[in-house]
Amino acid sequence: MSGFAESLLAWFDVHGRHDLPWQHPRTPYRVWLSEIMLQQTQVTTVIPYFERFLQAFPELPDLARAPLDAVLAQWAGLGYYSRARNLHRAAQVCVAEHHGQLPASLVDLIKLPGIGRSTAAAILSQAFGQPAAVLDGNVKRVLSRVHGITEPVEQRHAEQRLWQLAEAALPTHRAADYTQAIMDFGATLCTQSQPACLMCPIQSICQARQLGLTATIPAKTAKAQVPERHTRMLLLKDGGHGLILERRPERGIWGGLYSLPELPVDADPGTWCDAHYRLRIGPTSTFSQFRHKFTHFTLRAEVLEAVVLPTAAMMDPGPLQWVSRAQLPTLGLPKPIKTLLKTLLVN
């Protein structure tokens, strides 16, 4: 489609985002970190996390050497924690196999944990100046509208066509700027709702605009009703400044983070602790309640508070461990748990 890339680049020069923190300097490590953080997360949310993360781990080898707990502590609150675990593992692979640097080939990048085809292309174009097609959600929306693709973009046939269109649209120059341009264009002008078509530099070639289909392209897949799950958590204290946290499995929600031990909603807390943790606890009382929305469900939790009795037997080794209140800021904690436990730090 003649003029597509040049029109986007001209728009980008005037209206694009040129002062994002990962653009100055635009090193492979900074580009990679930003691309992982920006998966499923808005730019405004990512910026402070990106800056704090770089303060803790200025270069790729620093990230590779860091304990996973330290990485998760910096990531806590950003969500989708598998991204942080993959980032950490990928950094270690780069140190072991690529002399502490990100590889500059699509094949090698895709082999790294957490890097798919589109993310690898974004790194190649923005960090190494190599023309490579990206296909994130913003790009899918732009290309679907321009080419009048009415199928849901999640369908395999539609996605294959979009990859072909993305590759065909690549210019032979300004690879980094073009990648940023098409992503910025989708994020700020060709938005999901209320796209600014009157300000669009490519409206004359946009089939969705010409056919009056901008509101229905890209087609939305019907979403199932989000269920609600109930759980109870235990805030188990020693009567002083210690409490028990549980390291969650890597797979599942809040993977690898520390959280409060959970028990079934119909279980007796004292009997449960005795049977599963070999702990004896005093009477329980409600400490707090909270609701937290995940992508596929909403969690409703009741937090019960109790003191672990001094005569309790030593608990079995496992994911539970005593931590001091002073340790809490250094641990990777889910955002609702971190917020809840802040009250302990001021008392």
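Reader: Is Thr 41 buried or exposed?
Author: This is a predicted model. In it, Thr 41 lies in the loop between H2 and helix H3 (43-56). Its relative accessibility is 14%. The cut-off for buried is under 20%, so Thr 41 counts as buried.

Reader: Which residue has a side chain in polar contact with that of Thr 41?
Author: Leave out residues up to four places away in sequence, and Thr 41 touches Val 46, Leu 78 and Arg 83. A polar contact of 3.2 Å joins two side chains here. One belongs to Thr 41, and the other to Arg 83.

Reader: What separation do the C-alpha atoms of Thr 41 and Tyr 80 have?
Author: Along the chain, Thr 41 and Tyr 80 are 39 residues apart.

Reader: Is Ser 34 buried or exposed?
Author: Ser 34 is found in helix H2 (residues 28-37). Setting aside neighbours within four places in sequence, Ser 34 is in contact with Trp 22 and Phe 50. The relative accessible area of Ser 34 is 1%, so this residue is buried.

Reader: Which residue has its backbone oxygen 2.8 Å from a polar atom of the Ser 34 side chain?
Author: The side chain of Ser 34 supplies one polar atom of this pair. The other atom is a backbone oxygen, 2.8 Å away. That oxygen belongs to Val 31.

Reader: What are the helix and strand percentages of residues 37-188?
Author: UniProt lists residues 37-188 for "domain: HhH-GPD", in an unreviewed entry. The end C-alpha atoms of this span lie 18 Å apart. The span is 66% helix and 0% strand.

Reader: How many disulfides does a search of the whole structure find?
Author: A disulfide is a covalent bond between the sulfur atoms of two cysteines. The cut-off for the sulfur pair is within 2.5 Å. For Cys 190, the nearest cysteine sulfur is that of Cys 206, 6.5 Å away, and Cys 190 is in no disulfide. Across the whole structure, the number found is zero.

Reader: Which cysteine has the sulfur nearest to that of Cys 197?
Author: Cys 197 is in no disulfide. Its relative accessibility is 17%, so Cys 197 counts as buried. The nearest cysteine sulfur is 6.5 Å away, and it is that of Cys 206.

Reader: How many residues of strand E6 are buried?
Author: Strand E6 covers residues 298-307.

Reader: Which residue of E6 is the bridge partner of His 230?
Author: Strand E1 (residues 228-237) and E6 pair in the parallel sense, over 10 bridges. One of the pairings involves His 230. Its partner in E6 is Arg 300.

Reader: Which residue of E6 is the bridge partner of Arg 291?
Author: Strand E5 (residues 285-293) and E6 run antiparallel, joined by eight bridges. They form a hairpin with four residues between them. In E6, the partner of Arg 291 is Arg 300.

Reader: Which element of the protein has the lowest mean pLDDT?
Author: The mean pLDDT of the protein is 90, and 96% of its residues reach 70 or more. Where pLDDT is low, the predicted coordinates should not be read in detail. Helix H4 (residues 60-65) has the highest mean among the elements, 97. The lowest, 82, belongs to helix H14 (residues 335-345).

Note on methods:
Residues are numbered from 1 along each chain as its sequence is written. This is a predicted model: local features need pLDDT of at least 70, side-chain atom pairs count only at pLDDT 80 or more; totals for chains, interfaces and linings use all residues. Side-chain values use heavy atoms; hydrogens and water are left out. Buried means under 20% relative accessible area, exposed over 50%, partly exposed in between (1.4 Å probe, protein chains only). pLDDT is the predictor's confidence in each residue, from 0 to 100. Helices (H or I, at least four residues) and strands (E, at least two) are DSSP runs, numbered from the N terminus. Two strands pair if DSSP finds at least two bridges between them. UniProt positions are given in the numbering used here, feature names are shortened, and annotations may be inferred rather than shown by experiment. A polar contact is a pair of N or O atoms within 3.5 Å; within protein, one must be able to donate a hydrogen and the other to accept it, and residues adjacent in sequence count only if both atoms are side-chain atoms. Contact means heavy atoms within 4.5 Å.
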